[in-house]
Amino acid sequence: MRFNRMLLSTTLVIVALVVQVSVLARLHLPGAVPDLLLLTVLGLALVYGHVGGALVGFGAGLLADLAPPADHAAGRYALVLCVIGYLAGLAKPENGQLKSATGPMAVVVAAAIGSTLLYAGVGALVGDTTARHVGLSSLLFTAALYDLLLAPFVVPGIMALARRAENDPLAETNGSGKAPDVTAGWLSSGTGLRIGSQRGGLRVKAAKARMARAGRIKGVKRL
């Protein structure tokens with residue numbers, strides 16, 4: 001991985017881990033804990049591809065395994081996020097454009113369910129039966145629900161940061177307004193915020209208002 005990728009990935013992973021441990025884990029929500037670290041890995045994997053996603057996932061998972069208050073064997077979550085990052089990277093858009101929220105949201109749900117199942121499966125192999133006592137079905141439902149609700153506010157921003165750090169020509173074009181933003185499709189269809197159309201509509205309304213004002217001034221001068 002290039003230096004800018006490593007620097008950005010490390011920064012985002014550390015921030016996500018700190019927020020997850022110090023904030024999300026203390027909310028005491030029923031069932032699973034919203035997995036901000038998983039969403040960070042997904043966002044980077046959708047930009048970097050399967051190889052970069054696997055590397056980022058392994059590093060993020062290993063950091064989570066070693067960070068307190070981890071109560072499981074080191075390497076367990078690293079394996080889970082490595083596999084999830086690799087698989088999510090296979091869903092990377094070829095042209096970088098997210099035309100709708102359907103695909104990315106499906107990736108988030110699949111990753112939330114897959115990571116929970118894989119984590120529980122690896123735990124069963126080493127004698128950890130916590131998931132069985134808590135209720136696997138409840139963990140699967142709440143993990144998918146929490147991550148799905150959090151994803152539109154996390155993954156698009158991470159993808160945009162990753163593209164800018166890559167000096168992607170698509171990101172530069174998007175920034176100049178000549179093409180739709182790489183995450184505009186997700187934001188507009190996933191959260192109902194029509195960002196691009198709202199800005200364009202405001203510009204058109206402002207132009208019409210200036211033309212009407214100019215017409216009134218000319219009419220006054222003629223009188």
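**Exercise 1. Find the residues outside its own stretch of sequence that leucine 17 is in contact with, and decide whether leucine 17 is buried or exposed.**

*Solution.* Keep in mind as you work that this is a predicted model.

Step 1. Start by locating the residue: leucine 17 sits in helix H1.

Step 2. Set aside the neighbours within four places in sequence; the contacts of leucine 17 are then Leu37, Leu63, Ala64 and Ala67.

Step 3. Along the chain, leucine 17 and leucine 63 are 46 residues apart, while their C-alpha atoms are separated by 8.4 Å.

Step 4. Now look at accessibility. Leucine 17 has a relative accessibility of 11%, and buried means under 20%, so leucine 17 counts as buried.

**Exercise 2. Work out which residues of H1 are buried, where they lie around the axis, and what covers them.**

*Solution.* 

Step 1. Get to know the helix. H1 runs through residues 3–22, which makes 20 residues. From its first C-alpha to its last, H1 reaches 28 Å, close to the 28 Å expected at 1.5 Å a residue.

Step 2. List the buried residues of H1: Arg5, Leu8, Ser9, Leu12, Val13, Ala16, Leu17 and Gln20.

Step 3. Recall a handy rule here: an α-helix has 3.6 residues a turn, so residues three or four places apart point the same way.

Step 4. Ask what lies over the buried residues of H1. The cover includes helix H2 (36–66) and helix H6 (136–165).

**Exercise 3. Look at threonine 40: which helix holds it, and which residues is it in contact with?**

*Solution.* 

Step 1. Threonine 40 belongs to helix H2.

Step 2. Its relative accessibility is 2%, so threonine 40 counts as buried.

Step 3. Leaving out the neighbours within four places in sequence, you will find threonine 40 in contact with Leu12, Val13, Ala16 and Ile158. Leu12, Val13 and Ala16 are among the buried residues of H1 that you listed above.

**Exercise 4. Search the whole structure for aromatic pairs and describe what you find.**

*Solution.* 

Step 1. The search turns up one aromatic pair.

Step 2. Its members are tyrosine 77 and tyrosine 119, with 5.9 Å centre to centre and 85 degrees between the planes. Planes over 60 degrees apart count as edge-to-face, and that is the arrangement of this pair.

Step 3. Tyrosine 77 lies in helix H3 (residues 76–89) and tyrosine 119 in helix H4 (residues 102–125), so the pair ties together parts that are 42 residues apart in sequence.

Step 4. Tyrosine 77, at 11% relative accessibility, counts as buried, whereas tyrosine 119, at 24%, counts as partly exposed.

Step 5. Look over the face of tyrosine 119 as well: arginine 76 lies there, 3.8 Å from the ring centre.

**Exercise 5. Step back and describe the chain as a whole: how many helices and strands are there, and what share of the residues is buried?**

*Solution.* 

Step 1. Count the elements: the chain has nine helices and zero strands. Its pattern along the sequence is therefore written α-α-α-α-α-α-α-α-α.

Step 2. Of the 223 residues in the chain, 40% are buried.

Step 3. Consider the contacts with a separation of 6 or more: 74% of them are between residues 24 or more positions apart.

Step 4. Finish with the surface. The accessible surface comes to about 12500 Å², and 66% of it belongs to carbon and sulfur atoms.

How values were computed. Residues are numbered from 1 along each chain as its sequence is written. This is a predicted model: local features need pLDDT of at least 70, side-chain atom pairs count only at pLDDT 80 or more; totals for chains, interfaces and linings use all residues. Side-chain values use heavy atoms; hydrogens and water are left out. Helices (H or I, at least four residues) and strands (E, at least two) are DSSP runs, numbered from the N terminus. The expected span of a helix is 1.5 Å times one less than its number of residues. Buried means under 20% relative accessible area, exposed over 50%, partly exposed in between (1.4 Å probe, protein chains only). The arc is that of the directions from the helix axis to the C-beta atoms. Contact means heavy atoms within 4.5 Å. Accessible areas come from the Shrake-Rupley method with a 1.4 Å probe; for residues, only the protein chains shown count as cover. Rings of Phe, Tyr and Trp (its six-membered ring) pair if their centres lie within 6.5 Å; planes under 30 degrees apart count as stacked, over 60 as edge-to-face and the rest as tilted. A charge sits over a ring if NZ of Lys or CZ of Arg is within 6 Å of the ring centre and within 35 degrees of the ring normal.
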